[in-house]
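Here is a short briefing on one protein model. Look at the sequence and the 3D view, then work through the points below.

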Amino acid sequence: MTRFRPCIDLHAGQVKQIVGGTLDSATAALRTNYVSERPASYYAGLYRDGALEGSHVIMLGPGNDEAAREALAAWPGHLQVGGGVNDGNAARWIADGASKVIVTSFLFPDAKFSQERLDAVLAALGGDRDKLVIDLSCRRRGPDRWFVAMNKWQTITDMEVTEESIKSLEPYCAEFLIHAADNEGLQGGIDEKLVEKLGVWCHIPVTYAGGGRNLDDLELVKRLSNGRVDLTIGSALDCFGGSGVKFDDCVRWNRQQTG
């Protein structure tokens, strides 16, 4: 059953909505759609009140740990957290209130997938795959080919997102999170082909993010994936300064899916 899953993206300690393909803190090229004056805990409270399980907090670069912990404290045991997660801090984030940790870049030293590192993260979590989300956020490379991107989506790795690669990772995690980085923050529509493929390839929960604009896109993801893929909407939400869809309407849409 497709669900709306919101996010809290943190950059330099603030809640922001960022154009994903520009996310390189070393340059002046960063483009933001919205910078909130409200703390991360405010949005965590909104998601708690809307019963939006599986919402994720993403730390984009350094300086976000305090804001992330404030969000977790507002709804302990219900928010996923990612960004800089590794085998040394994964258990600490769970202890600090995360329901699951999300890991990407740590799994790709020198942009090459490391099974050893995946094993290490899982071991740090006591072997509990239900506490781990693998982030396979990706960028298009040619028609209908996607490769996992790391380091704030700036570095392309050696892992292509395919049925085979997903199948190989499913035994190690509870869910996948997949941002289509080329669509992220543009409000230009979802990557329909990727959503369709994920609906076929994935046999565990998967959340797609990138380009979601409105309730029609929730319905589109539901149809393309046969209800197997969830959708994150960010910049288009009114609570993030957008005009595409009201947050309350997305909460209502979720409730309608559960009858």
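**Alanine 51 and the ground rules**

Alanine 51 sits in the loop between helix H1 (40-49) and strand S4 (56-59). Helices (H or I, at least four residues) and strands (E, at least two) are DSSP runs, numbered from the N terminus. This is a predicted model: local features need pLDDT of at least 70, side-chain atom pairs count only at pLDDT 80 or more, and totals for chains, interfaces and linings use all residues. Residues are numbered from 1 along each chain as its sequence is written, and side-chain values use heavy atoms, with hydrogens and water left out.

**Two residues with positive phi**

- Alanine 51 has a phi near 55°, which is positive in a residue other than glycine.
- Alanine 51 is exposed, with a relative accessible area of 53%. Buried means under 20% relative accessible area, exposed over 50%, and partly exposed in between (1.4 Å probe, protein chains only).
- Asparagine 226 is not a glycine either, yet its phi is positive, about 55°.
- Asparagine 226 lies in the loop between H7 and S13. It counts as exposed because its relative accessibility is 62%.

**Helix H7: two sides**

- H7 covers residues 215-224, and its residues Asp217, Leu218, Leu220, Val221 and Leu224 are buried.
- Seen down the axis of H7, these buried residues fall within an arc of 160°, so they line one face of the helix. The arc is that of the directions from the helix axis to the C-beta atoms.
- On the other side of H7, Asp216 and Arg223 are exposed.
- What do the buried residues of H7 pack against? They pack against helix H6 (192-201), strand S13 (229-232) and helix H8 (247-257).
- Asparagine 214 caps the N-terminal end of H7. A side-chain oxygen of asparagine 214 lies 3.1 Å from the backbone nitrogen of aspartate 216.

**H7 against H8**

- Two packed helices are described by the angle between their axes and the distance between the axes.
- The axes of H7 and H8 come within 10 Å and cross at roughly 35°. Axes are lines fitted to C-alpha atoms, for helices over the stretch in contact, and angles run from 0 to 180 degrees between N-to-C directions.
- Leu215, Leu218, Glu219 and Lys222 in H7 meet Asp249, Cys250, Trp253 and Gln257 in H8. Contact means heavy atoms within 4.5 Å.
- By class, this contact of H7 with H8 has 4 nonpolar, 1 polar and 3 charged residues.

**Threonine 232**

- Threonine 232 belongs to strand S13.
- Is threonine 232 buried or exposed? Threonine 232 is buried, because its relative accessible area is 5%.
- The side chain of threonine 232 reaches the backbone oxygen of arginine 5 at 2.8 Å. A polar contact is a pair of N or O atoms within 3.5 Å; within protein, one must be able to donate a hydrogen and the other to accept it, and residues adjacent in sequence count only if both atoms are side-chain atoms.
- Leaving aside neighbours within four places in sequence, threonine 232 is in contact with several residues, among them Arg5, Pro6, His56 and Tyr208.

**Serine 105**

- Serine 105 is in the loop between strand S6 (98-103) and helix H4 (115-124).
- Serine 105 counts as partly exposed because its relative accessibility is 29%.
- Beyond its neighbours within four places in sequence, serine 105 is in contact with Met150 and Asn151.

Definitions and conventions: Ala, Val, Leu, Ile, Met, Phe, Trp, Tyr, Cys and Pro count as nonpolar, Asp, Glu, Lys and Arg as charged, and the others, Gly among them, as polar.
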